[in-house]
Structure formats: C-alpha cells, structure tokens
Amino acid sequence: MSRSQWSSKLGFILASAGATVGLGSIWKFPYVTAMNGGGAFLLIFVLITFTLGIALMLAEIAIGRAAACGAVGAFKKLGGKGWSAVGYIGVLCGLTVFSFYSVVGGWTIGYLLRAIDGRVMSNDPKALGALFGQYVSSPVEPIITHALFALLTLIVVMSGIQKGIERAGKILMPALFLLMLGLIVRSLTLPGAGAGVLAFLAPDFSKVNSKMLVDALGLAFFSLSVGAGCMLAYGSYLGRDVKLTNAAMWVTGLTTMTSILAGLMIFPAITAFGLDAAAGPGLTYMTMPVVFNHLPFGQFFAVAFFALLLVAALTSSVSLLELVAVYPIDEWNLPRKATTGLITLLVFLAGIPASLSFGVLGEYKWFGRNVFELMDYSASNILLPLGGIGTALFAGWKIWPVIEAELELSPVLNVGMKWMCRIVAPALIALILVYNL
C-alpha cells in the first residue's frame with residue numbers, strides 16, 4: 001500500500017499545532033504561569049521549550065519520516081525488535097489518554113449545549129459548582145457526550161490524512177485563533193483588565209526555585225506532545241521536500257503563542273471580577289461562566305468560549321487516535337475505516353468507567369485514586385516520561401546518523417542537538433518522572 005502524505009507544509013504545521021494545543025493550553029498554562037512567578041516562569045518556559053522541547057519534537061518527527069511508519073514500526077525498523085517496546089509504550093499511552101480525554105472532551109460538548117440554552121449563565125459560583133457536579137456525576141449524559149466526542153474524532157481520522165486530519169487542521173486551527181482573538185479583545189476591554197495582564201506577565205523572580213523549574217520543564221515537554229509518538233506518527237507522512245527544523249519551529253511557536261493568548265484571554269476577565277486564578281480545571285466550568293454573565297451579550301461569549309474548548313480538545317484527540325490507529329494499519333495493512341472504528345469503540349468502552357468514577361464508581365479507588373485519576377496519573381506521570389526518555393536515548397545513541405541526515409543542522413546545532421538527546425533531555429525527564437512519583 002502506498003503511504004499517504006501531507007499535501008503541504010502548511011497542512012502538516014496546522015495539524016501538528018492542533019495536536020499540541022489541547023484543553024491544558026486553555027486552563028492549565030495560564031494559572032500555572034501566574035502561580036509560579038508570571039513573566040519569570042514564562043521566560044524559563046519559553047527557553048526550555050525552544051531548546052530541549054524542540055529537540056525532542058525534532059527527534060520524533062525525524063524518526064517518523066525516516067521510517068515512514070508509526071511508533072512501533074519505526075523503532076523496530078530503525079533500531080531492531082527490542083526498541084519496539086518504546087513504540088508500544090507510546091501506543092498504550094495514547095490509548096489511555098484518549099480514553100479519559102474523550103470524557104473531558106465530552107464535557108465541552110455538554111457545556112456548549114448548556115451555554116446555548118443559557119443554563120451556565122449564573123452569578124453564583126456555588127450554583128455553577130453544583131451544576132457541574134450534577135452533570136459529571138450523572139450515569140447517562142456524560143457517557144452520551146463522551147460517545148459524541150469520540151465519534152467526532154473518528155469522523156476526522158477515518159477520512160484519512162489529507163481529507164480528514166489535514167483538512168480539519170486547516171479549518172479548526174484558524175477557527176481556534178479567531179475565537180481566542182475575539183475573546184481576548186473583549187477580555188482586555190474590561191475595567192481592571194490591566195491588573196490581570198500584570199498578574200499573568202509581570203515577572204516575580206522570588207518564586208524561581210526547584211519546584212518552579214520542574215513545573216516549567218514538565219509543562220514545556222508535555223505541552224509539545226512529545227513522548228507518546230504523536231509527532232512521530234505525523235512525521236511519518238511528511239515528504240522529503242520539507243525542512244524539519246523550520247516546520248518544528250512553526251509548530252512550537254504556534255503552540256507557545258496559543259498558551260500565551262489563553263492567559264491574555266482568561267486572566268484579565270477573572271481579575272476584573274475578583275475570581276480565583278488558581279481554580280484549575282474548575283476555572284473552565286465553574287468560574288468563567290460568572291464572567292460571561294456580567295458581560296453584554298454574555299451568552300454569545302459563553303457559546304464562543306465552550307466552542308473554543310471543543311475545538312482545542314478535538315484537535316488533540318485526532319492526533320491520539322491517529323497515533324494508536326497507525327500501528328495496526330501499518331503492521332497488518334488493515335483498512336483505515338474499520339481500524340479507526342474498532343479503536344474508537346474500544347476507547348469509548350474504556351472511557352465509561354472513567355466517566356462513572358465521578359458518580360456511581362466514585363467510591364472505588366486504587367492507590368487512593370479513582371479510575372479517571374488512575375488513568376491520568378499512569379499516562380502523564382509514568383508512560384509519557386518513559387516514552388520521552390526512550391525516544392531521546394534512541395535518537396541520540398542508537399540512530400544518531402539517521403537523525404543527523406534528516407535534520408541537516410549546522411555543526412554547532414548538530415552537536416547541541418546530539419547531546420540534548422543523549423544526556424540532557426533523558427536526565428531532565430527522569431527528574432520529572434521521579435519528582436511526580
């Protein structure tokens with residue numbers, strides 16, 4: 001079977017940026033930045049992202065393009081059967097993340113519907129908290145929205161690289177930026193918005209400590225979706241005419257810009273109304289609606305906000321399904337539609353206990369965590385770091401001449417990239433792994 005390719009460099013960049021921009025970019029990055037010294041954290045985050053982070057991204061894309069297959073096949077083809085374990089870790093990570101991420105993606109559908117009918121328009125955070133708790137603890141509705149979100153993801157990936165993932169990226173990513181810019185303009189025109197901008201961007205170097213550095217490292221590595229093999233899978237469809245370093249810089253730049261724009265969208269609004277910046281995920285569903293209720297045409301902005309969240313969730317979930325699906329498609333030449341359909345069904349079934357862990361299964365815990373939390377912890381704190389360490393060591397020690405040929409870097413950058421993959425990145429990711437355990 002001839003392998004599909006991106007029709008253009010722009011298609012690859014937008015699809016890859018979509019893979020890295022998820023719900024975490026909207027709610028996690030802004031409050032982590034504000035809680036860790038604002039501009040000081042942002043400066044360190046950007047520095048790490050455009051050095052260590054982009055090095056790992058380049059390694060993944062280079063491995064994918066050199067092997068022209070997904071994670072398991074790429075490690076086996078270039079390094080031998082033993083190295084395929086790194087690919088299997090990535091596939092398992094992608095499958096686990098997609099299973100619980102689809103549940104959260106379903107919440108964005110549920111809240112988009114609640115914004116449309118006006119149920120989220122309230123001045124009372126406690127009432128909104130009760131609304132959120134009632135929704136996520138339901139044994140029926142979150143499973144229905146979970147199924148709808150998984151189905152939307154399936155429709156995109158089932159349609160293939162050019163007609164599905166690339167076309168979706170070209171539509172969804174510009175839509176994401178337009179929605180963000182509209183909400184930013186409104187947020188920045190609120191009384192007291194300047195204080196919110198300062199809370200987000202003003203540097204507080206007194207908060208620079210070991211914990212802050214580990215937070216910046218973790219956020220930089222994982223905001224670029226490196227470790228699971230999503231970028232490897234996308235790189236496997238990349239033609240030889242595209243310069244990898246240039247494409248990776250664009251993807252990294254768009255990802256970082258989206259995170260910064262999210263801060264400019266959220267912080268002026270919550271500061272203007274004296275709301276809690278450290279609400280985390282609750283900021284999305286239980287705090288921001290208070291802001292919209294105070295605004296002229298607030299319901300319109302609420303709909304736009306939850307549509308934005310749905311788009312961000314969908315662009316990430318597409319890469320997760322592709323990461324998992326490309327393995328059986330490549331390995332056994334299985335048809336894309338049937339393969340993606342079966343994997344989506346598996347993800348839906350695996351996501352049901354994750355959804356029910358906020359309700360009827362809430363009392364069942366292992367290691368102090370419910371099903372949802374256990375899936376999240378296993379993927380984020382174990383599988384993803386292990387995959388990142390394996391990828392870096394593989395690129396730096398096992399197949400460096402292949403990476404060198406793919407990247408065509410200057411001598412100085414070549415040496416820097418090699419030792420980042422060999423020593424620096426594995427050591428720092430191991431630090432994050434141990435710290436989070």
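**Questions on a predicted model**

Reader: Leaving aside its neighbours within four places in sequence, which residues is G37 in contact with?
Author: This is a predicted model. Contact here means heavy atoms within 4.5 Å. With the neighbours within four places in sequence left aside, the contacts of G37 are A202, P203, D204 and K207.

Reader: Is G37 buried or exposed?
Author: G37 sits in the loop between α2 (23-35) and α3. Its relative accessibility is 4%. Buried means under 20%, so at 4% G37 counts as buried.

Reader: How far apart in space are G37 and M173, C-alpha to C-alpha?
Author: Along the sequence, G37 and M173 are 136 residues apart. In space, C-alpha to C-alpha, the distance between G37 and M173 is 29 Å.

Reader: What is the C-alpha separation of T245 and L407?
Author: T245 belongs to helix α12 (residues 244-272). T245 touches L407, as well as L58 and L409, when residues up to four places away in sequence are not counted. T245 and L407 are 162 residues apart along the chain, and their C-alpha atoms are separated by 6.6 Å.

Reader: Is T245 buried or exposed?
Author: The relative accessibility of T245 is 16%. The cut-off for buried is under 20%, so T245, at 16%, counts as buried.

Reader: Which residue has its backbone nitrogen 3.2 Å from a polar atom of the side chain of E60?
Author: E60 is part of helix α3 (residues 39-67) and is buried, with a relative accessible area of 1%. Beyond residues up to four places away in sequence, E60 touches S225, V226, G227, A228, G229, C230, M231, L232 and T391. The backbone nitrogen at 3.2 Å from the side chain of E60 is that of L232.

Reader: What is the relative accessible area of T20?
Author: T20 is found in helix α1 (residues 9-20). Residues that T20 touches include S25, M57, S225 and M231. T20 is buried, and its relative accessible area is 5%.

Reader: Near what value is phi of S225?
Author: S225 lies in the loop between α10 (210-223) and α11 (230-235). S225 is buried, with a relative accessible area of 16%. Its phi is positive, in a residue other than glycine, and is near 60 degrees.

Reader: Is E408 buried or exposed?
Author: E408 is placed in the loop between α17 (400-407) and α18 (411-436). Phi of E408 is positive, near 50 degrees, and the residue is other than glycine. Exposed means over 50% relative accessible area, so with 58% E408 is exposed.

Reader: What is the radius of gyration of the protein?
Author: The protein has 18 helices and zero strands. The globule rule gives 22 Å for 437 residues, and the protein comes close to that value, so it is as compact as a globular protein of that length. Its radius of gyration is 21 Å.

Reader: Among contacts between residues at least 6 apart in sequence, what percentage join residues at least 24 apart?
Author: Of the 437 residues, 57% count as buried. Among contacts between residues at least 6 apart in sequence, the share joining residues at least 24 apart is 83%.

Reader: How far apart do the centres of the positive and negative side chains lie?
Author: The accessible surface comes to about 16,800 Å², and 69% of that belongs to carbon and sulfur atoms. There are 25 positive and 18 negative side chains. The distance between the centres of these two sets is 5 Å.

Technical notes
Residues are numbered from 1 along each chain as its sequence is written. This is a predicted model: local features need pLDDT of at least 70, side-chain atom pairs count only at pLDDT 80 or more; totals for chains, interfaces and linings use all residues. Side-chain values use heavy atoms; hydrogens and water are left out. Helices (H or I, at least four residues) and strands (E, at least two) are DSSP runs, numbered from the N terminus. Buried means under 20% relative accessible area, exposed over 50%, partly exposed in between (1.4 Å probe, protein chains only). A polar contact is a pair of N or O atoms within 3.5 Å; within protein, one must be able to donate a hydrogen and the other to accept it, and residues adjacent in sequence count only if both atoms are side-chain atoms. The radius of gyration is taken over C-alpha atoms; the globule rule is 2.2 Å times the number of residues to the power 0.38. Accessible areas come from the Shrake-Rupley method with a 1.4 Å probe; for residues, only the protein chains shown count as cover. Lys and Arg count as positive and Asp and Glu as negative; His and the chain ends are not counted. The place of a charge is taken as NZ of Lys, CZ of Arg, CG of Asp or CD of Glu.
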